[in-house]
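I opened this notebook to keep track of what I looked up in a structure that was new to me. The entries follow the order in which I went through it.

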Amino acid sequence: MRVLVTGGAGYIGSHAVVALQQAGHEIVVVDNLCHSSAAVLPRIEALSGKKIDFVAADLNDKFALERIFSRFDIDAVMHFAALKAVNESRAQAARFYHNNVGGTLCLLEVMEKFHCKRLVFSSSAVVYGIEQSPPFFEHMPLKAQNPYGHTKVMSEQILKDMAAADGEWHVIALRYCNPIGAHPSGTIGEAADTVPNNLLPYVAKVACGQLPLLKVFGGDYETVDGTGVRDFVHVMDLAEGHCRALDKLAELEGFHAVNLGTGKGVSVLELITTFEQVCQRPVAYQIAPRREGDIPAFWADVQLAEQLLQWRSKRDLRQMLEDAWRWQCANPYGYMPAESKN
Ligand code: NAD
Ligand code: WQD
């Protein structure tokens with residue numbers, strides 16, 4: 001198939017592109033590079049041995065999207081492009097709605113115009129309400145806690161409504177848990193922000209000396225050791241999940257939401273301890289107050305992914321952390337050369 005990958009220069013998209021190319025698909029990437037670097041593209045090509053057709057454009061630029069669909073015969077779309085920083089979304093709600101919901105609408109309108117109605121959408125575990133207890137099932141009521149989360153709930157609703165109105169749509173919304181890790185080559189991975197929001201990139205930057213200390217948000221939760229619990233999933237497992245979803249799109253009519261996770265919870269302290277074993281050095285941390293809006297524990301029920309997609313995660317926590325550390329050591333400043341950081 002020829003697949004249009006929006007946000008394909010980003011963290012999860014870049015890993016998915018490698019997996020899709022290795023599975024034999026032709027890939028067109030559209031990305032405005034607002035949270036990524038074009039330097040990832042030759043690295044993806046080196047891993048897959050195949051060329052990428054790259055278009056630098058914004059999803060809200062309808063004419064640019066129409067030009068892509070006119071130029072390439074697109075069979076299906078994988079839609080990763082979105083802004084994702086939860087805190088930023090609280091401060092810049094309109095920007096997030098415009099980018100994530102507006103961008104999705106613009107994409108859908110162009111897809112309809114060109115009769116391309118097969119879509120895999122990047123949703124998130126952030127759509128689940130925090131009052132519920134794990135494991136989280138796809139049928140649970142959705143209740144986001146922040147504007148970013150609302151953009152995912154709204155996008156899912158739009159997709160559901162479109163699929164209900166027009167039986168030609170085939171849509172799978174994949175609700176990722178907490179993606180971590182990197183390609184085992186260490187050449188592509190998560191180009192973290194200077195001060196990351198998420199746990200693992202923060203831990204990695206403390207381990208390599210770029211940040212002095214990790215604050216562990218909350219040590220008094222009712223969990224195995226008092227710290228938060230999450231369902232961390234290897235980004236390569238996610239990439240493979242996307243390939244499975246693409247394979248299944250043709251036979252799955254309408255809209256389907258599917259969790260992608262391991263189905264197991266890991267505590268923040270467990271992750272730190274395992275990371276220390278992997279990098280063979282201590283990671284300085286201190287217990288700090290709980291972070292606003294955090295859920296104590298999250299892990300997903302992953303049976304639907306097995307039933308519908310015949311997919312399950314294969315890589316364990318140690319492998320996630322080994323791959324993340326290899327990437328961090330080889331690319332201490334992501335895709336930016338180290339000298340440009342001085
Ligand atoms: P990322 O920021 O690394 O990648 C997103 C990519 O989209 C970037 O390359 C960015 O430049 C591009 N982009 C953003 N807005 C765009 C626009 N309007 N037009 C064109 N390109 C645009 O993020 P990621 O971690 O790879 O996330 C990919 C998707 O998965 C997102 O939809 C995100 O919400 C979702 N998701 C991520 C996580 C996570 O923890 N990383 C968890 C659940 C869901
Ligand atoms: C994990 C655990 C923190 C940083 C977020 C988004 C979610 C999804 C995935 C996109 C929690 C603790 C963290 C730190 C810490 N993204 N922590 N110190 O909050 O589960 O989910 O990323 O869809 O939408 O909300 O991930 O990595 O931020 O936190 O103690 O410096 O690590 O409190 O318990 P989260 P996270």
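**Entry 1, ground rules.** I noted that this is a predicted model, in which local features need pLDDT of at least 70 and side-chain atom pairs count only at pLDDT 80 or more, while totals for chains, interfaces and linings use all residues. Residues are numbered from 1 along each chain as its sequence is written, chains are lettered from A and ligands numbered from 1 in the order in which they are written, and side-chain values use heavy atoms, with hydrogens and water left out.

I looked up the surroundings of ligand 1 and found 27 residues, the closest being D31, H35, S36, F80 and Y148; a residue counts here if one of its heavy atoms lies within 4 Å of the molecule. I then went through polar contacts, which are pairs of N or O atoms within 3.5 Å; within protein, one atom must be able to donate a hydrogen and the other to accept it, and residues adjacent in sequence count only if both atoms are side-chain atoms. A polar atom in the side chain of H35 is 2.6 Å from an oxygen atom of ligand 1, and one in the side chain of K152 is 2.8 Å from an oxygen atom of the ligand. From L59 it is a polar backbone atom that lies 3.0 Å from a nitrogen atom of ligand 1. On its own ligand 1 has 820 Å² of accessible area, and the protein covers 95% of this; such areas come from the Shrake-Rupley method with a 1.4 Å probe, and for residues only the protein chains shown count as cover.

I also asked which elements give two or more residues to the shell around ligand 1. They are α1 (11-22), β5 (118-124) and α6 (147-165), where helices (H or I, at least four residues) and strands (E, at least two) are DSSP runs numbered from the N terminus. The largest share, three residues, comes from β5. Sorted by class, the shell of ligand 1 holds 14 nonpolar, nine polar and four charged residues.

Around ligand 2 I found 18 residues, with S124, Y148, K215, R230 and D294 as the closest. An N or O atom in the side chain of S124 is 2.7 Å from an oxygen atom of ligand 2, and for the side chain of N198 the corresponding distance is 3.1 Å. F217 takes part through a backbone N or O atom, which lies 2.8 Å from an oxygen atom of ligand 2. Taken alone, ligand 2 exposes 690 Å², of which the protein buries 87%. The elements that give two or more residues to this shell are α7 and β8, and β8 gives the most, with four residues.

Just after α7, G209 takes a positive phi of about 90 degrees.

The largest nonpolar core has 42 residues, and V5, M78, I172, L174, L260 and L309 have the most contacts inside it; a core is a set of buried Ala, Val, Leu, Ile, Met, Phe, Trp, Tyr and Cys residues joined through side-chain atoms within 4.5 Å. Apart from it lies another core, of 31 residues, among them V28, L65, M111 and F121.

S89 is found in helix α4 (residues 86-91), and S89 counts as buried because its relative accessibility is 0%. The side chain of S89 reaches the backbone nitrogen of Y148 at 3.0 Å.

Where does L33 sit? L33 lies in the loop between β2 (26-31) and α2 (40-48), and phi of L33 is near 60 degrees, a positive value in a residue other than glycine. L33 counts as partly exposed because its relative accessibility is 27%. Finally, the peptide bond from P134 to P135 is cis, with omega near 0 degrees, and P135 is found in the loop between β5 and α6.

Technical notes:
Buried means under 20% relative accessible area, exposed over 50%, partly exposed in between (1.4 Å probe, protein chains only). Ala, Val, Leu, Ile, Met, Phe, Trp, Tyr, Cys and Pro count as nonpolar, Asp, Glu, Lys and Arg as charged, and the others, Gly among them, as polar.
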